[in-house]
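Colleague: I have a model open and would like to talk it through with you. Could you take me around it piece by piece?

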Amino acid sequence: MKRFFGPALVAAVLGIAVHAAIIYLSPQFIMDRAYTMLGERGTPVHGFQLSPQMRPDTQSVVRPSPDLAYSGCRFDLSQAPDGLLVRMAAFDGYSSLSFFDAQTNNFLTVRGNGEAQEVTLTRENSPSDKGIILIRRLAPTEEDYMKVAEIAKSDICEVQ
Amino acid sequence: MKRAAIYILFALVGIAIGGYTALAMSGLLPGDRRTQGSVVLGNWYGDLAIGSEDASPYFRTRIARHGLLALANTEAIYFTSIVDDSGRPFSEACNYRLSGGAMPARWWSVTLYNSDNFLPDNADGALSFDASRAEAQNGADGQWSAIISAERPDGETAWLSSKAGGNFDLTFRLYVPDEGVLGDPTGMIEAPSVERLDCAGEAA
């Protein structure tokens, strides 16, 4: 049995290392893929894009809500030394402006409450250089979505 | 040579066990469903740590896979169910009655997803039932109901289409939960009921 001690120790160390690597690196890997995929679908770095109404043929991330209109902006603070100005235009219904870091954490959310909301994002208040900013607005009907489409033109995500 | 082979064999076994357990514990295995969470409302599972930096590494990975870009609990809380009230897995072959009452949140919805975490591939435009539709029903004490089925039901009944949903699941969202909900979710939220009515080719 003693001759298996060394191999068993190697197996245990490698097993723990692989286990930990998968657990700790997966969120970043999945977020990185989402960041790239959103870019391929037209969401710019430092600019908001309103996604089409969430339907089976338009969904781009898992479990989208078809009742919400999503506007996305990808950010990369390494390209914005003075930070980003992020502004969500006013909307009568439910709206929120949320920030996600490279680890998938929702590190900041500001609710609309019928008024425009503004945030300056910098390396001081963002846990990571890269991430995704998402505006959600309640739009269960086609008519609601068309209203959002007009309002979303005034959203801002730009380098200061 | 034989010694080296033993080391390699053990190393491979260690890597396989470490990798498999990580995938299984964090919901990354193919076919894994988003059905874990510390808050249980009947057959609905949720976790108030979604989107939070306080989430455990395992839970963060699970949510990255099954609910990426979910909001933190002060803004929204999420519950998922894969079974009806009697504990049987949801099936596109069956019809269900989804029902409930007033919810302690500014807005709420119930949305149907396939086992890949996406909206099922149909053109029915009926994949979600939300607070605005419930209000339109104007039921006593805020009571509401909708039918879940692969075919549109007769009449003006509210409908969620399960066409192409296979063994679908439901996600129940509450946006801007009322004060006190985060402290006592099981006491303050009465989750929707999903009663199985009948199934194609079998008795209900």
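This is a predicted model: local features need pLDDT of at least 70, side-chain atom pairs count only at pLDDT 80 or more; totals for chains, interfaces and linings use all residues.

Colleague: What sheet do they belong to?

Modeller: They belong to an open sheet of three strands in chain A, in the order 6-3-8 and with antiparallel pairing. Strand 6 (117-121) and strand 8 (156-159) of chain A are at the edges, and each has a single partner strand, so one side of each is left without a neighbour in the sheet. From one strand to the next, the twist averages 15°.

Colleague: OK, what about strand 2 of chain A, is it buried or exposed?

Modeller: Eight of the nine residues of strand 2 of chain A, which covers residues 68-76, are buried, so this strand is largely enclosed by the rest of the structure.

Colleague: And which strands does strand 2 of chain A pair with?

Modeller: Strand 1 of chain A (residues 49-50) is joined to strand 2 of chain A by two bridges, and the two run antiparallel; within that pairing, A:Leu50 stands opposite A:Ser71. Strand 2 of chain A is also joined to strand 7 of chain A, again antiparallel, by nine bridges, and there A:Arg74 stands opposite A:Ile132 of strand 7.

Colleague: Changing topic, how many residues of each chain are in contact with the other chain?

Modeller: On the chain A side there are 44 residues, in contact with 50 residues of chain B. Helix 1 (5-40), strand 4 (95-100), strand 5 (106-111) and strand 7 (130-138) of chain A each supply at least two residues of the side that touches chain B. The largest share of that side comes from helix 1 of chain A, with 19 residues.

Colleague: What classes of residue are on that side of chain A?

Modeller: The residues of the side of chain A that touches chain B divide into 28 nonpolar, twelve polar and four charged.

Colleague: Let's stay with helix 1 of chain A, then. At what angle does it pack on helix 1 of chain B?

Modeller: Helix 1 of chain A and helix 1 of chain B (residues 2-25) pack at an angle of about 30°, and their axes are 7 Å apart. That angle makes helix 1 of chain A roughly parallel to helix 1 of chain B, and the crossing of the two is right-handed. By class, this contact has 20 nonpolar and six polar residues, and no charged residues.

Colleague: How does helix 1 of chain A pack with helix 2 of chain B?

Modeller: Helix 1 of chain A packs with helix 2 of chain B (residues 57-66) at an angle of about 25°, with the axes 8 Å apart. The two helices are therefore roughly parallel to each other, and their crossing is left-handed.

Colleague: Which residues make that contact?

Modeller: From helix 1 of chain A they are A:Ile23, A:Tyr24, A:Ser26, A:Pro27, A:Ile30 and A:Met31, and from helix 2 of chain B they are B:Pro57, B:Tyr58, B:Arg60, B:Thr61, B:Ala64 and B:Arg65. By class, the contact has eight nonpolar, two polar and two charged residues.

Colleague: Now chain B by itself, how many helices and strands are there?

Modeller: Chain B has four helices and ten strands, and from the N terminus on its elements run α-β-β-α-β-β-β-β-α-β-β-β-α-β. Of the 204 residues of chain B, 41% count as buried, and its C-alpha trace spans about 80 × 45 × 30 Å along its principal axes.

Colleague: What is the order of the six strands in the open sheet of chain B?

Modeller: The order is 1-2-3-9-5-6, with antiparallel pairing. Strand 1 (39-41) and strand 6 (128-130) of chain B stand at the edges with a single partner strand each, so one side of each is left without a neighbour in the sheet. The twist averages 20° from one strand to the next.

Colleague: And how many bridges are there between strand 5 and strand 6 of chain B?

Modeller: Strand 5 (residues 105-113) and strand 6 of chain B pair in the antiparallel sense over three bridges, and the bridge partner of B:Ser109 in strand 6 of chain B is B:Asp130.

Key:
Residues are numbered from 1 along each chain as its sequence is written. Chains are lettered from A and ligands numbered from 1 in the order in which they are written. Two residues are in contact if their C-beta atoms, placed from the backbone, lie within 7 Å. Ala, Val, Leu, Ile, Met, Phe, Trp, Tyr, Cys and Pro count as nonpolar, Asp, Glu, Lys and Arg as charged, and the others, Gly among them, as polar. Two strands pair if DSSP finds at least two bridges between them. Axes are lines fitted to C-alpha atoms, for helices over the stretch in contact, and angles run from 0 to 180 degrees between N-to-C directions. A residue is buried if 20 or more other C-beta atoms lie within 10 Å of its own, exposed if 12 or fewer, and partly exposed in between; C-beta atoms are placed from the backbone. Angles under 35 degrees count as roughly parallel, over 145 as roughly antiparallel, 65 to 115 as roughly perpendicular and the rest as oblique. A crossing is left-handed if the near helix is turned anticlockwise from the far one by less than a right angle, and right-handed if clockwise.
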